[in-house]
Amino acid sequence: MSRLARLADRLGAMAFAASPALQRLWARRRVTWSTDVPWAPPPRSLAATTVALVTTAGVHLDTDPPFDLDAREGDPTFRRIPRDVDRRRLVVSHGHYDSRDVRRDVNVVLPLDRLEELAAAGRIGGVAPVHYGFGWIRDVAPLVGETAPVVARELVAARVGAVVLTPA
């Protein structure tokens, strides 16, 4: 992504954040409607449930390839984030929001430390061994049809009973 495109995205993000009217206009334009939304009942007890995090904030390991910021329809791929990762190794590749706060404290969008605290206090049963990061996505079809089912299967295999979704 060029410096000019990054500047345009940063200015756009600032204008968007400052304008509720612009947010409402965008929401009407970008809503994806579905009548086939799966629903799962909540776990009986969070104190006995393993919890994972899934974010669309573009968070990934510094050794992973960055999300494709130049793709016209966004990048539907994901990155695995190990539970025990050194938080300093987490980076952001997402050009569609102001990520300065995330760069200071990744817990803003990927609250790994807060999840660990909940587990230590017995409020949740455990923390999943792997969490997932996605980047910016305009066309959700590849996400819904391809990558999300892969992540769902991995979460089921890890016996995750609840997922906290954090958008950017």
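The following legends describe close-up views of a predicted model of one protein chain.

**Figure 1. Overall architecture of the predicted chain.** The protein chain contains 5 helices and 7 strands. The chain has 168 residues, of which 33% count as buried. Its accessible surface is about 10,800 Å², and carbon and sulfur atoms contribute 58% of this area. Among contacts with a separation of 6 or more, 77% are formed by residues 24 or more positions apart.

**Figure 2. Confidence along the chain.** The mean pLDDT of the protein chain is 86, and 85% of the residues score at least 70. Confidence is highest in strand β3 (residues 78–82), with a mean of 98, and lowest in helix α2 (residues 20–30), with a mean of 66. Where pLDDT is low, the predicted coordinates should not be read in detail.

**Figure 3. Strand β1 and its pairing partners.** Of the 6 residues of β1, 5 are buried, so the strand is largely enclosed by the rest of the structure. Strand β1 runs parallel to β7, to which it is joined by 5 bridges. Within this pairing, Ala52 stands opposite Val163 of β7. Strand β5 (residues 126–127) also runs parallel to β1, with 2 bridges between them; here Val51 faces Val127 as its opposite residue in β5. A further parallel pairing, again with 2 bridges, links β1 to strand β6 (residues 130–134). Thr55 has Gly133 as its bridge partner in β6.

Figure 4. In soluble globular proteins, nonpolar side chains tend to be buried together.

**Figure 5. Surroundings of Leu90.** Which residues are in contact with Leu90, once its neighbours within four places in sequence are left aside? The contacts are Val59, His60, Leu61, Ile81, Val85, Val106, Leu110 and Leu112.

**Figure 6. Thr166 in strand β7.** Thr166 belongs to strand β7 (residues 162–166). Its relative accessibility is 13%, and Thr166 therefore counts as buried. A polar atom of the Thr166 side chain lies 2.3 Å from the backbone oxygen of Val109. Beyond its neighbours within four places in sequence, Thr166 is in contact with Val54, Thr55, Thr56, Ala57, Val109 and Pro111.

**Figure 7. Ser99 in the loop between β4 and α3.** Ser99 is located in the loop that connects β4 with α3 (100–104). With 6% relative accessibility, Ser99 counts as buried. The side chains of Ser99 and Arg103 are joined by a polar contact of 2.9 Å.

**Figure 8. Arg104 in helix α3.** Arg104 is placed in helix α3. Is Arg104 buried or exposed? Its relative accessible area is 64%, so Arg104 is exposed. Arg104 and Arg88 are 16 residues apart along the chain, and their C-alpha atoms are separated by 9.7 Å.

**Figure 9. Ser45 in the loop between α2 and β1.** Ser45 is found in the loop between α2 and β1. This serine has a relative accessible area of 32% and is therefore partly exposed. A polar atom of the Ser45 side chain lies 3.2 Å from the backbone nitrogen of Ala47. Ser45 and Ile124 are 79 residues apart in sequence, and their C-alpha atoms are 8.1 Å apart in space.

Notes: Residues numbered from 1 in each chain as written. Predicted model: local features only at pLDDT ≥ 70, side-chain atom pairs only at ≥ 80, totals over all residues. Heavy atoms only, no water. Helix = DSSP H or I, 4+ residues; strand = E, 2+ residues; numbered from the N terminus. Buried < 20%, exposed > 50% of the residue type's maximum accessible area, 1.4 Å probe, protein only. Contact = heavy atoms within 4.5 Å. Areas by Shrake-Rupley, 256 points an atom, 1.4 Å probe, with all protein chains shown as cover. Polar contact = N/O pair within 3.5 Å; in protein donor to acceptor, adjacent residues only side chain to side chain. Pairing = 2+ DSSP bridges. pLDDT = per-residue confidence, 0-100.
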